[in-house]
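This briefing concerns the arrangement of domains and helices in the structure shown below. Please read the points alongside the sequence and the coordinates.

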Amino acid sequence: MTLRNRWRKTLSYIMLSLTGVCAVVAVAILFLILGYLVYNGWRSVDWNFLTKLPKSPGETGGGMANAIVGSFQIILLATVIGLPIGFMAGVYLSEFGGKTFAFLVRYMADLLNGVPSIVIGIFAYAVVVIPMHGNSASAGGLALAVMLIPITARSTEQFMSSVPQTLREGALALGASKWKTIATVVVPAAHRGIATGMILGVARIAGEAAPLLFTSGNNDYISSGFSQPTASLPVMIFLRATSPYDDWHRQAWAAGMVLLLLVLFANIAARLILSRGIAVQR
Amino acid sequence: MATTAASSAPPSGGAQVWLKRLRSGDEVARLITLVFASIILVLTVGLVYQLWATSSMPRHKFGFTFLTSSLWNPVTGQFGALPFIYGTVVTSAIALLIAVPLGVGAAIFLSELAPPRISSLFTFFIELLAAVPSVIYGLLAIFTLVPLMRDYVEPFLKKTLGVVPVFGGAIYGFGYLTAAVILAVMTLPFIISISREALLEVPTEQREAALALGATRWESTWQAVVPYARLGIFGSIFLALARALGETMAVTMVIGNDPSIHASLFAPGYTIAAVIANEFAEASGDLHVQSLVELGLVLFLLTIMINALARLLIIATTRRGSAQS
Amino acid sequence: MKKSSVWLGVFSALAILLAVAQAKVLINAAGATFPYPIYGKWFEEFARKNGDVQINYQSIGSGGGIRQFSEGTVDFGASDMPMTDEQIGKFKNKPLHFPTVLGGIVPTYNIPGVTQELKFTPEALVGIYLGKIKKWNDPELTKANPGVRLPDNEIVVVHRSEGSGTSFVFTDYLSKVSPEWKSKVGVNSAVSWPCGIGGKGNEGVTGVVKQTPNSIGYVELIYALQNKMAYGWVRNSSGTYLKADLDSVTEAAASVANTMPADFRVTITNPPGKKAYPIATFTWLLIPSKVEDAGKQKAITAFLHWMLADGQKFAAPLGYAPLPKDVVAKEEKQITLIK
């Protein structure tokens with residue numbers, strides 16, 4: 001073998017090993033993140049953390065009950081508004097869509113998907129916070145709903161379009177109207193994918209802090225109703241992490257661990273549902 | 001409704017069909033879902049309108065000099081976007097510089113070399129990385145990355161490359177470079193996932209043809225397969241860029257919050273998203289608030305342009321299916 | 001799908017339950033981070049004494065407090081910087097300033113290997129924040145600290161990133177002791193800082209200094225104390241080096257004892273007096289003179305009465321100085337102006 005060929009062979013070996021290293025590094029990052037959060041956070045997730053309200057700075061023993069409940073409130077509102085709208089829009093795009101209007105809707109949905117979440121926060125501020133004269137869970141919920149709608153619409157459309165046309169034709173041939181076909185044949189056929197898309201969408205918005213900073217704000221108490229400023233886990237993590245108090249840092253780690261585990265769990269569950277075909281209970 | 005049709009002259013064929021569909025509920029269903037779909041249009045138009053309308057004061061006052069002025073002084077009422085545009089571009093560019101080689105390399109491994117089970121397992125984990133919220137990246141960055149950069153990486157770079165002003169200057173730990181590193185970690189999964197898909201689409205003939213001509217495995221990959229998929233890979237890079245430009249929380253927590261332009265990467269800076277996050281809730285005076293909204297508008301336009309480019313490239317790979325060399 | 005709808009039902013029920021369960025008076029306030037440790041304690045204690053009032057205070061900085069108070073998105077605000085005439089002019093009914101406590105701003109630092117307390121001349125502080133004094137072993141610092149081995153490390157300057165009353169007081173002090181600072185940078189809640197990193201809130205600045213070696217920041221005394229951080233002595237106008245504490249901060253207010261204006265808007269930086277700490281300030285609650293909701297009006301006035309009496313007892317343990325007696329008396333009278 002000539003020297004040049006030996007060099008080419010060696011180079012090939014080196015470069016390909018490097019790519020392997022890159023892949024291992026990428027995967028390792030995930031486990032580093034998870035490991036670090038669990039290591040720092042699991043000791044701090046105690047009864048206090050889950051049930052107590054925050055204490056004034058410098059005092060120990062406070063918790064994040066307000067943020068846990070607040071996150072649920074805001075996400076609940078966002079899903080109640082966002083999922084139905086997104087789902088229906090997805091049904092339109094896949095089943096009824098014409099040429100130009102559907103193209104426009106698709107284009108705008110993709111556009112909204114790419115908008116940085118802080119800009120959506122500005123929108124929600126202008127539309128909800130200013131008229132309501134204050135921060136509220138409604139404003140935060142709306143901001144997250146605006147993010148959830150295009151995600152849900154596109155994923156619903158994607159899974160419904162992938163249902164084979166023969167299923168539809170079969171139902172239509174039997175005399176069912178179009179909407180009956182959609183409701184009883186197409187949607188059930190695609191329900192696993194649709195559910196997956198929804199779960200992933202909710203998991204995505206659950207972790208957002210930027211759009212909540214000046215819409216739902218923060219509250220040291222559990223917020224009553226949807227028109228008061230409301231705490232949320234991501235915002236609390238931000239506030240606690242940038243503070244100097246060690247006790248607050250511990251709480252930030254704990255909250256980070258709780259949030260990450262919930263998000264990862266949702267993601268893993270969604271993907272398993274999709275790939276393994278585990279039936280979602282009706 | 002049907003009765004009016006019966007009382008006058010028989011309706012034309014089209015209207016008859018429409019009425020039939022209406023009665024069977026299909027038209028109703030179409031209209032209902034149409035309304036929901038148009039909500040998306042309304043939201044998008046509303047968003048753009050709000051951004052435009054709520055930034056009227058600085059647009060009239062500063063015009064295009066808003067984009068070129070580097071002075072951001074809420075007290076004297078002078079607002080210039082340049083430091084933020086600079087910070088956004090610099091951190092994103094450096095993030096890509098780090099993430100693209102790493103990401104494309106990993107994508108090559110996962111598509112070409114790894115056995116299918118490892119490939120899907122690794123891809124599964126990498127896609128989970130994309131689901132980690134930004135604020136958690138920020139939390140980790142403050143307590144692990146910043147000390148690492150401050151105590152080891154930046155002093156090392158300063159010692160070896162310190163002659164270049166980019167690597168000179170005081171070391172804070174917080175700054176452009178640290179923000180770029182965390183952005184690189186955050187954009188990595190997107191580059192890997194999309195590039196891998198683009199590479200998987202390359203027909204095996206390309207690979208085999210190169211190998212048949214005597215190329216080594218690497219040469220066949222690098223010179224035949226990757227160029228074939230280059231549109232998709234570029235698409236993934238632009239997508240990653242669009243995400244990096246808009247990243248808020250992780251960057252806010254490590255960039256140092258200094259609204260000025262510095263040559264050194266170790267220096268503190270600011271990005272558009274970070275300044276909005278920090279100053280919006282307490283901006284004093286309408287001009288200040290509206291200037292922040294105008295910054296949001298700039299960011300919005302920047303990200304949709306790059307997203308549009310990314311999507312074009314990705315669509316081009318899937319539709320045309322062949323790259324022009 | 002059924003499972004998820006059950007969960008949906010559970011959470012909606014929870015949310016509705018919470019909405020109905022609380023018939024309390026809910027008051028939202030926001031503002032200065034300077035007094036946040038004591039305000040947090042006060043609102044907690046007050047809520048314990050009066051179970052039907054809940055005051056949610058968000059420490060976002062004095063700038064934010066004034067802004068949200070002006071926009072009406074909070075019921076009252078808090079600031080270490082008195083509102084300007086221009087800001088007051090925007091109100092239909094003139095807002096009222098209520099001083100709550102006195103506090104001192106200390107230069108806190110994190111220098112590896114230096115455990116002693118450093119002495120800072122006014123020129124040193126000006127030079128550091130102007131970016132002219134770049135290293136810890138600069139002559140301006142070493143000559144004031146003869147016994148201390150200051151390292152040859154670059155100073156990491158930390159300031160506030162948002163509109164801050166603490167910044168206002170600090171820059172007010174720097175402007176009074178340095179004409180150069182006054183002309184180059186000036187006095188305000190948010191200035192164009194010549195150098196350094198920005199931290200969010202007193203909490204943020206303390207956090208950055210705590211984690212960053214060779215850094216210096218200006219924070220309220222309690223933040224340095226609670227986080228066991230070193231802070232320096234500052235030389236006052238009489239030439240004495242003083243630490244911020246109960247006596248020196250109270251002395252600083254003594255200089256305006258007889259000249260306190262009726263609306264309580266005053267600065268007490270760099271006062272005369274041998275024992276007066278040079279960087280001290282009152283901090284104010286910004287209360288509207290007309291509160292629409294009767295329940296809120298009752299709650300706010302009740303809180304103010306409590307604050308001026310029992311509340312003052314919490315000040316000293318948290319490193320703040322209580323208000324002088326004559327100021328308390330004047331404030332009691334001002335409460336009657338709240339309708």
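In chain B, the centres of domain 1 and domain 2, taken over C-alpha atoms, are separated by 36 Å. Domain 1 spans 18-53 and domain 2 spans 61-324, with bounds from an automatic or database domain assignment. The model is predicted: local features need pLDDT of at least 70, side-chain atom pairs count only at pLDDT 80 or more, and totals for chains, interfaces and linings use all residues. Residues are numbered from 1 along each chain as its sequence is written, chains are lettered from A and ligands numbered from 1 in the order written, and side-chain values use heavy atoms, without hydrogens and water.

**Helix burial in chain B**
- Eight of the eight residues of helix H14 (residues 272-279) of chain B are buried, so this helix is largely enclosed by the rest of the structure; buried means under 20% relative accessible area (1.4 Å probe, protein chains only).
- Among them are Ile272(B), Val275(B), Asn278(B) and Glu279(B).

**Helix packing in chain A**
- Helix H4 (residues 100-114) of chain A packs against helix H6 (residues 137-161) of chain A at about 130°, with axes 9 Å apart.
- The crossing of H4(A) and H6(A) is left-handed.
- Residues of H4(A) including Arg106(A) and Asp110(A) meet residues of H6(A) including Arg154(A) and Glu157(A), where contact means heavy atoms within 4.5 Å.
- H6(A) also packs with helix H8 (residues 178-206) of chain A, at about 145° and with axes 8 Å apart.
- The crossing of H6(A) and H8(A) is right-handed.

Conventions: Axes fitted to C-alpha atoms, helices over the stretch in contact; angles between N-to-C directions. Helix = DSSP H or I, 4+ residues; strand = E, 2+ residues; numbered from the N terminus. Left-handed = near helix turned anticlockwise from the far one by under 90°. Buried < 20%, exposed > 50% of the residue type's maximum accessible area, 1.4 Å probe, protein only.
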